[in-house]
Amino acid sequence: MAVALAAVLPGHGQASDAVHTEEASAKKLASPASAAKPAGDKASGSIAKSVADQIRAAVDGGALNRKQQTLTIDNNSKNTVKPAEKPRHAEAEAAKKHASSPAPHDGDVHWSYEGENGPQAWGKLKGEFSICGTGKRQSPINIEESSTLQGPAEPLQFNYQSSGASVVNNGHTIQVDLSGENSLTVRNSTYKLLQFHFHTPSEERINHQSFAMVAHLVHKNAEGQLAVVAVLLDPGVANTLINKVWTHMPLDSNDRVRMPGGVIDMNELLPKDQRYYQFMGSLTTPPCTEGVLWLVLKQPSTLSPAQIKMFSQLFPNNARPVQPLNGRAVREAQ
Ligand SMILES: [Zn+2]
C-alpha cells in the first residue's frame, strides 16, 4: 500500500505540487512551527477541533452507523463540550506513519478562506501565488447559460473501477487520494484520476446560483495537463460513495485514514446525465495555476442533508469566490 500511495502522491516536482497543493499545505501544518497560527485562524481552528472531538467520540462510539448524530458547534472560543480524548484509530495512525516525510521549514504562508489571508489576499501572500491575483483565466466562474457556445456532442469517457484509497484532512478540505486505474478520456487525451475533494458551497455557479456542495475530480494526462471534473451536489438521497468517505473522515488536519481495498467506485458519484460545460481555468486554491481544463457536469448528484452537515461542520465555507470570465468561451457539450 505504501508503494501504491507513493505512486499516487508525487514528490516535489512543479506539476505535482500544483495538483497536491492542498496536501502540501497540510504537511506544513504538521510542522511544529505552524503551532503559532494567525490569530484570525485560532477561533475557527478551535471550533473545528471541538467538532472534531465530538465526531471522533461519535465514531469511536459507533454513532455514525445510527441515523441521528448530535453535534454542537461552539462559536465561542471556550469549549463547552469536551469529550474525553480517546486513542486514535490504529489504522489512521498506521497510515499516517507511511503518509509523509517531515514538513519542510520554508517559511510557508498560511492561506485561508476568510480573514486577512482570505481569497482577496492570496496573490500577495507569496511570490508563487501571484497568479491568484493577476491571472486572467481563473476559476471558479459563474456559468451564464444564455451565453454558452452550443457545441456538438463530445461525451466524456469515464473509465472508473473499484480502487484503493486513503482520505486526508489537509486543513482546507477532505481529499481522497486514489491508487487504482481510473481515467477519463476527453479531447483525444487520457487523464488519470489522482484525487477528489469537496467544497461547500459549490465554487461553480450556474446562472449565479450555487449548489450545496461540489466534488472536484482531479485528473492529469501524460503531458502533465490537468482536467478537473466538477460534480455538483444537491440535498436529496444520501450518496453511497460519500458515506464511505465520511465513515473514514479524518477529523484533524494532517490525519490520513486508509480505506479498505477496492472500496471506492467513482461511478457511484457520477450523475446519469453526463452532459457538461467545458472551459479553461485554474486551480481554485493557491498557487491558482492556469491551463486547467474544467468539465462541469450539468446534472447534480445528491447527498443527504446529514452528509452535508457532517462536512460543513468541519469546513463551514471552503469555496473561492467566482472570478471574472475575461471573455473566455464556455462550451456546452450536449
Ligand atoms: Zn477543488
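The buried residues of helix H8 (residues 240–247) are Leu-241, Ile-242, Val-245 and Trp-246. The model is a predicted one, in which local features need pLDDT of at least 70, side-chain atom pairs count only at pLDDT 80 or more, and totals for chains, interfaces and linings use all residues. Residues are numbered from 1 along each chain as its sequence is written.

**Exercise 1.** Explain why the buried residues of H8 line one face of the helix.

*Solution.* 
1. A residue is buried if 20 or more other C-beta atoms, placed from the backbone, lie within 10 Å of its own. Helices (H or I, at least four residues) and strands (E, at least two) are DSSP runs, numbered from the N terminus.
2. An α-helix has 3.6 residues a turn, so residues three or four places apart point the same way.
3. Seen down the axis of H8, the buried residues fall within an arc of 130° (taken over the directions from the helix axis to the C-beta atoms), so they line one face.
4. This set packs against strands S4 (165–169), S5 (174–178) and S14 (301–303), and against helix H9 (305–314).

**Exercise 2.** Determine which strands pair with S10 (residues 226–235), given at least two DSSP bridges as the criterion for pairing.

*Solution.* 
1. Strand S9 (residues 213–221) pairs with S10 in the antiparallel sense over 8 bridges; Lys-220 has Leu-226 as its bridge partner.
2. Strand S13 (residues 290–297) runs parallel to S10, joined by 4 bridges, and Val-229 is partnered by Leu-295.
3. S14 is parallel to S10 over 3 bridges, with Asp-234 opposite Thr-302.
4. In S10, 8 of the 10 residues are buried.

Terms used. Buried ≥ 20, exposed ≤ 12 C-beta atoms within 10 Å, placed from the backbone. Contact = placed C-beta atoms within 7 Å.
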